[in-house]
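Please look at the structure below with one topic in mind, the pocket and what surrounds it.

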Amino acid sequence: MKKILFYLNSMRAKEALLLLGSPFLGLLLSIPDFGSASIIRSLLLLLAVFLFYGHVYTFNDWSGLSMDKSDHSKNHRPLVSGKISPREAIMLSIAL
């Protein structure tokens with residue numbers, strides 16, 4: 001369970017959820033009717049965008065690991081602190 005929290009923290013789930021605001025507003029303005037099919041499609045789109053943001057954040061952390069280790073303000077991140085390995089981070093990025 002703790003490892004899952006490290007993975008969510010590594011993909012910056014809170015920031016990714018915050019960034020879903022603009023796609024959500026775009027969906028609200030573009031949906032012609034609020035039927036069950038369009039709501040399901042909208043939720044799938046929001047999930048895809050959330051996973052894409054998680055991929056970008058995780059890949060960015062993985063690729064900049066050597067620079068981040070010298071920056072003491074980033075010691076709280078799971079990858080920099082060693083709570084997840086670089087191999088786990090790139091596998092998470094690929095999975096997302």
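The largest pocket is lined by L5, L8, N9, S10, R12, A13, K14, E15, D61, H76, R77 and P78, where a pocket is an open set of points on a 1 Å grid over the protein atoms alone that a 1.4 Å probe fits, with protein on both sides within 12 Å along at least five of seven lines, and lining residues have an atom within 4 Å of a point. This is a predicted model, in which local features need pLDDT of at least 70 and side-chain atom pairs count only at pLDDT 80 or more, while totals for chains, interfaces and linings use all residues. Residues are numbered from 1 along each chain as its sequence is written, and side-chain values use heavy atoms, with hydrogens and water left out.

Two residues are buried, that is, under 20% relative accessible area with a 1.4 Å probe and protein chains only; their contacts (heavy atoms within 4.5 Å) leave aside neighbours up to four places away in sequence.

| Residue | Helix | Relative accessible area | Contacts |
|---|---|---|---|
| L92 | helix 7 (residues 86-95) | 15% | Y7 and T58 |
| D68 | helix 5 (residues 65-69) | 8% | D61, K74, R77 and V80 |

L92 also lies 12 Å from K3, C-alpha to C-alpha, although 89 residues separate L92 and K3 in sequence.

Definitions and conventions:
Helices (H or I, at least four residues) and strands (E, at least two) are DSSP runs, numbered from the N terminus. Buried means under 20% relative accessible area, exposed over 50%, partly exposed in between (1.4 Å probe, protein chains only).
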